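Me: I'd like to go through this one label by label. Can you walk me through what each term rests on?

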Amino acid sequence: MADDVTAELFTKELWDGVADIYAAILSHPFLTGLTDGTLPQDAFAFYVVQDLLYLKRYAQALAAVAARAPDPAATQMFASHAADVVAVEQTLHGSLLASLGIDAAAVAAAEPAPANLGYTSYLLAAIAGGSYAEGVGAVLPCYWIYWEVGKELARRGSPDPRYRQWIDTYAGEDFAQTVRDVLAEADRIGPGLSARERVLVHRHFRTTSRYEWMFWDMGYRKETWPV
C-alpha cells in the first residue's frame, strides 16, 4: 500500500473506476423513461417484482457481511441495514405493487430473471469466499449507485407519480445517510488493505456496478430465460 493512499481517497478511487458504467446507467432507456414518463408500465412492474426478489437475497448478503465484520460497530450497521431492506420491501414495494395492480399470488409465483439470479449469486459467493473488505466492495454499488441515480433523477423529475415515488425514496435523506455510513466504512478500511486485496475490492465493485446496469436492462427488456 502506498503511503499517500488516504481513507478519504479510497471511495473516490472506487467511483472513478466505474465512471464509464455510471454514465451508461444514466443514459439507459429504463432510467430516462422514468423521468420523461415513457417507460412502459409493464416494464416497471416487471422490475419492481424482480427488485423484490433481489432484495430478499441482498438482505442475506448484508447479514453475511455483518457476520464477517471485524468490529461490533460495523456488525451492527450491516445487520441494521439488512433489517432495513426488509422494511423497504414491505413499504415501497408493497405500495408500488398495489398501484401497479400486482397481487401477492403473482409475486409468489415469480422467479428471478437471469441477470437477477446472476447478480445475487455473485454477491453471496464473493462474500462467502472473500474477505470482509471484499464483501463491502461487492455490496457497495447497490447502495451508492441507487443514491446517485436517485439524486440525478430527482433533479430531472417525472410526470408519473409512481415513478416519482420510486425516485424520491432513493433521493431522500434517510437513504442518503445510510449510504454515507457505508462509504465511511469503506474509507475506514481502505488504507489498511494490501495491494492484492485492493485489486479484489476494485474487481468486485466494478463487477456489481455492471450488474446494476444489467438489472435495469433486465427490467427494460423484461428478461426471460432463453431456453
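Reply: Happy to. One cut-off first: a residue is called buried when its relative accessible area is under 20%. And keep in mind that this is a predicted model.

Me: Why is G219 called buried?
Reply: Its relative accessible area is 0%, and the cut-off is under 20%, so G219 counts as buried. G219 lies in helix 11, residues 195-221.

Me: What is G219 in contact with, leaving aside its neighbours within four places in sequence?
Reply: F30, A43, F46 and Y47. The C-alpha atoms of G219 and A45 are separated by 8.4 Å, though the two residues are 174 residues apart along the chain.

Me: What makes F44 and Y163 an aromatic pair, and is it stacked or edge-to-face?
Reply: Rings pair if their centres lie within 6.5 Å, and planes over 60 degrees apart count as edge-to-face. For F44 and Y163 the values are 4.7 Å centre to centre and 65° between the planes, and the pair is edge-to-face. F44 sits in helix 4 and Y163 in helix 9 (residues 161-171), so this pair ties together parts that are 119 residues apart in sequence.

Me: Which residues touch the most other members of the largest nonpolar core?
Reply: That core has 77 residues, and the ones touching the most other members are F44, Y58, F78, V139, V149, W166 and W216. Helix 4 (residues 41-68) gives the most to this core, with 15 residues. Take F78: not counting residues up to four places away in sequence, F78 touches L62, V65, A66, Y132, V136, V139, Y143, V182 and E185.

Me: What makes the largest cavity a cavity, and how much space lies in it?
Reply: A 1.4 Å probe fits in a cavity but cannot get out. About 40 Å³ of space lies in the largest one. A search of the whole structure finds one cavity of 30 Å³ or more.

Me: What lines the largest cavity?
Reply: F10, L14, A133, V136, G137, A186, I189, L193 and V201. Helix 8 gives the largest share, three residues. By class the lining has eight nonpolar, one polar and no charged residues. Gly counts as polar, and G137 is among the lining residues.

Me: What is the volume of the largest pocket, and which residues lie nearest its centre?
Reply: A pocket is an open set, and the largest has a volume of about 380 Å³. Of its 17 lining residues, D84, V85, V88, Y170 and F175 lie nearest the centre. Helix 4 gives the most to this lining, with five residues. By class the lining has eleven nonpolar, three polar and three charged residues.

Terms used. Residues are numbered from 1 along each chain as its sequence is written. This is a predicted model: local features need pLDDT of at least 70, side-chain atom pairs count only at pLDDT 80 or more; totals for chains, interfaces and linings use all residues. Side-chain values use heavy atoms; hydrogens and water are left out. A nonpolar core is a set of buried Ala, Val, Leu, Ile, Met, Phe, Trp, Tyr and Cys residues joined through side-chain atoms within 4.5 Å. Buried means under 20% relative accessible area, exposed over 50%, partly exposed in between (1.4 Å probe, protein chains only). Helices (H or I, at least four residues) and strands (E, at least two) are DSSP runs, numbered from the N terminus. Contact means heavy atoms within 4.5 Å. On a 1 Å grid over the protein atoms alone, a cavity is a set of points where a 1.4 Å probe fits but cannot get out, and a pocket is an open set with protein on both sides within 12 Å along at least five of seven lines; lining residues have an atom within 4 Å of a point. Grid points are joined across faces, edges and corners, and a volume is the space filled by probe spheres set on the points. Rings of Phe, Tyr and Trp (its six-membered ring) pair if their centres lie within 6.5 Å; planes under 30 degrees apart count as stacked, over 60 as edge-to-face and the rest as tilted.
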